[in-house]
Amino acid sequence: MARSAQPVGISAWAGAAVAALVLTVIAVPLGAVMLRADASSGLGPADWAAVRFTVGQAFLSALFSVGLAIPVARALARRNFRGRSALIALMGAPFILPVIVAVLGLLTVFGRQGALSEILRLFGLPGVEIYGLHGVVLAHVFFNLPLAVRLILQGWLAIPVERFRLAATLGFSSRDIARHMERPMLRNVLPGAFLVIFLICTTSFAVALTLGGGPRATTVELAIYQAFLFDFDLGRAALLGLVQVAICVIAGVFVLWVATPNAIGTGLDQQVERWDGQSRAARLLDGAFITAAALFLLLPLTAVVLRGAGAIATMPPSIWVAALRSIALSLVTASVAVGMALPMAMLIARGRARGLLETIGALSIAVSPLVIGTGLFLILRPIAGPTDMALPVTGLVNALAALPFVLRALVPAVEQAEAGYGRLALSLGLSGPNYLRHVLLPRLRRPLGFGAGLAAALSMGDLGVITLFAAPQQGTLPLEMYRLMGSYRTDDAQGAALLLLVLSLAIFWIFDRGGRVNAAV
Amino acid sequence: MKGKVTMKTPLIASGLILAAGMASADTPVLTIYTYDSFTSDWGPGPAVEAAFEETCGCDLQFVGAGDGASLLARLRLEGDSTDADIVLGLDTNLIAAARETGLFADHGVDASNLTLPVAWQDDQFLPFDWGYFAFVHDTDMQNVPTSFTELAESDARIVIQDPRSSTPGLGLLMWVKYVYGDAAEAVWEALADNIVTVTPGWSEAYGLFLEGEADMVLSYTTSPAYHLIAEEDDTRTAALFDAGHYLQIEVAGMVEGSDHADLARDFLAFMLTPAFQSVIPTTNWMYPAALPASDLPEGFDTLIQPQPGLIFTPEEAAALRDEALEEWRAALSQ
């Protein structure tokens with residue numbers, strides 16, 4: 001660690017300002033909802049049951065997502081094959097799909113008339129029943145495995161190639177490499193990945209209820225919907241929002257307690273090439289993991305593509321307009337998210353108030369968009385018409401929601417760059433913009449591209465707060481898709497879903513690719 | 001977006017608005033809050049807007065707000081300062097809460113030409129369409145149940161919506177409560193093993209049904225009309241229950257203290273004329289509230305005709321809601 005290798009500069013202040021902004025955008029709306037509340041019934045036993053279910057399913061979902069991602073990421077890090085980067089990009093798609101599309105895609109494989117059930121029936125076995133806790137976890141793994149794989153893969157790719165060369169010279173076996181190089185990296189990367197996925201799963205609502213099979217699968221987010229829409233008990237909605245904050249803070253503290261700082265050191269930024277794991281068994285094993293993950297993630301996606309393909313030409317024109325709006329929104333989101341994440345990552349990498357900052361960064365995915373949206377609505381409405389604010393508010397909230405992911409990608413890379421080059425830069429008198437330009441940014445290209453792509457793609461697929469603000473003529477692509485679904489127009493909705501999938505992937509791919517141009521500067 | 005923001009906007013914003021509003025300064029703007037699907041390109045909104053603007057000398061603007069329940073929540077958040085002149089799209093389960101806000105004015109519109117299956121008397125809310133809740137299934141389904149108890153005894157798989165987040169879900173809750181009263185909880189317990197899953201909204205449930213995940217889905221008797229008319233698919237129908245079907249009646253009301261009270265009243269009267277009513281069947285896929293059955297589009301005659309239509313008064317529905325929800329949750333959480 002290069003604690004304080006760099007003097008505190010503008011970037012540190014910028015980082016602190018971003019953290020303050022995140023806190024404000026979450027705390028103030030929460031407060032506004034609470035202030036507007038009349039008498040509240042407080043939290044009842046049903047609410048606490050929802051908290052227990054929420055935490056339990058999120059824990060399992062994160063555990064399985066991260067656990068399964070390790071061998072897949074390792075296989076992808078060790079193997080080089082044709083179409084590898086395309087596969088990695090494609091595998092990221094479930095993460096950005098609207099919930100209902102992804103669920104319907106999953107059902108073509110795991111549903112009552114899905115492929116798996118059909119195959120089992122051929123052998124005289126009963127079909128699979130997806131509804132229940134296992135279905136919820138399965139869907140969450142489907143959504144989040146790609147993210148876990150990417151975050152862990154970033155960690156693998158960040159191990160300097162010189163280390164692997166040295167290991168090869170010393171005759172390290174795969175086991176030695178795992179012990180001396182991979183495990184320390186994993187201890188650094190896994191807790192953060194676990195935290196992010198755990199928190200995403202705590203705000204799950206439609207997936208949990210739809211696949212959970214009944215009111216047992218009530219999450220905190222659904223309890224908030226109930227408080228807001230069914231009982232109009234704003235006090236309880238805000239209290240439940242606070243419960244989400246508490247879950248986030250507790251999880252954050254726990255994870256940071258487990259995590260160790262990066263201690264790998266740095267190399268000369270060259271492409272990783274592996275000399276270990278060339279045995280036949282290792283190759284077969286890696287191949288099996290990659291194939292299994294690809295099938296699990298790509299079969300449901302294929303179903304989405306096949307169904308949408310027929311309808312895409314005949315969709316109502318409003319869909320295309322909505323698509324343009326979504327693209328513009330996602331570009332703004334990506335730049336705002338990256339602009340916020342970079343100074344914050346630099347501050348975190350310096351080790352100042354690290355736990356606090358990471359937790360603040362994660363808050364924006366832990367707290368209900370419905371509560372935040374309602375609070376913002378209450379605050380902004382006296383100032384301007386909600387429809388005038390729809391796109392800026394959505395852009396800001398989307399950027400905040402993407403912040404934790406961008407941070408996850410950036411922090412390890414910034415830490416490493418600072419550890420490796422911070423002192424050298426200091427001794428050369430490089431600081432401020434020059435340090436950023438010549439030392440840091442070239443080394444952050446890959447995670448920056450990845451982060452920006454993720455933020456843009458997330459924003460494309462996100463329904464978020466726009467529903468509260470948007471006028472009928474202002475819908476984004478996912479909103480239009482839901483509107484189609486709500487009026488029997490399943491075919492058009494499937495076309496819109498395909499368009500959404502293609503656009504999200506394309507925008508992610510462009511950013512991610514951009515980050516890898518001249519990766520070995 | 002000309003003149004989107006009306007007179008009620010505070011001074012701070014008016015500078016910004018002024019320039020945009022100039023062009024239409026003389027044309028009054030009638031703002032109608034409604035649910036999302038009403039205003040979509042394929043919903044009733046565009047045709048209704050065009051027809052009313054032909055005669056009103058006004059600019060009609062829809063503001064979409066999720067579903068019926070979000071519509072009411074939005075109105076409650078805004079309170080007295082709401083921009084809405086009319087709120088369109090609440091149903092009878094929401095009327096009591098809407099009335100309680102004190103935000104609605106008496107409409108004073110003659111409602112004698114209503115064609116609802118039940119009598120309607122309400123000073124503040126006027127119906128614009130209605131439908132029977134029903135379980136929709138494929139025509140090749142065997143042993144179609146004719147009651148909830150038959151359904152519970154069968155091994156038919158059904159998908160329903162959560163009453164806490166969905167209007168059809170709440171409608172089903174009321175339906176069971178209406179037919180079975182104190183025995184409702186036992187009926188839900190018996191139904192538990194038929195329920196594949198409970199979805200947050202209508203779209204997810206209907207999607208699961210179309211996907212083949214269930215034999216039946218809670219929807220409306222008019223749902224098969226969509227498949228028949230828009231998709232030329234006659235393989236969907238609805239199950240006729242002997243005890244009768246619960247009604248959903250969708251209503252509109254005018255906001256107290258609206259700047260355009262006369263215009264709002266004109267719109268409510270227009271709402272019950274054929275120009276509005278004839279748009280409803282093939283855009284909202286519900287029955288129009290004031291149009292004789294003979295004027296319904298071809299295809300609607302193939303739908304099942306439940307007898308009788310069941311409905312609680314808004315006050316009864318509000319009083320029973322929490323108890324019915326608790327029974328539902330207790331029965332399905334075991």
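## Helix packing and core in a predicted model

Helix 5 (residues 92-100) and helix 13 (residues 314-332), both of chain B, pack at an angle of about 90 degrees, and their axes are 8 Å apart. Angles of 65 to 115 degrees count as roughly perpendicular, and helix 5 of chain B and helix 13 of chain B are therefore roughly perpendicular to each other. The structure is a predicted model. The table lists the residues that make this contact.

| Helix of chain B | Residues in the contact |
|---|---|
| Helix 5 | B:Thr92, B:Asn93, B:Ile95, B:Ala96, B:Ala97 |
| Helix 13 | B:Pro314, B:Glu315, B:Ala317, B:Ala318 |

By class, six residues of the contact between helix 5 and helix 13 of chain B are nonpolar, two are polar and one is charged.

Another helix of chain B is helix 9 (residues 202-210), where eight of the nine residues are buried, so helix 9 is largely enclosed by the rest of the structure. The buried residues are B:Trp202, B:Ser203, B:Glu204, B:Ala205, B:Tyr206, B:Gly207, B:Leu208 and B:Phe209. Just after helix 9 of chain B comes B:Gly212, with a positive phi of about 90 degrees.

The largest nonpolar core has 282 residues. Those touching the most other members are A:Ile197, A:Ala341, A:Ala345, A:Val406, A:Leu410, A:Ala455 and B:Val217. Helix 16 (residues 386-427) of chain A gives the largest share of this core, 20 residues. Leaving aside residues up to four places away in sequence, A:Ala345 touches A:Leu407, A:Leu410, A:Val411 and A:Val414.

How values were computed. Residues numbered from 1 in each chain as written. Chains lettered and ligands numbered in written order. Predicted model: local features only at pLDDT ≥ 70, side-chain atom pairs only at ≥ 80, totals over all residues. Core = buried A, V, L, I, M, F, W, Y, C linked by C-beta atoms within 7 Å. Buried ≥ 20, exposed ≤ 12 C-beta atoms within 10 Å, placed from the backbone. Helix = DSSP H or I, 4+ residues; strand = E, 2+ residues; numbered from the N terminus. Contact = placed C-beta atoms within 7 Å. Axes fitted to C-alpha atoms, helices over the stretch in contact; angles between N-to-C directions. Parallel < 35°, antiparallel > 145°, perpendicular 65-115°, else oblique. Nonpolar A, V, L, I, M, F, W, Y, C, P; charged D, E, K, R; others polar.
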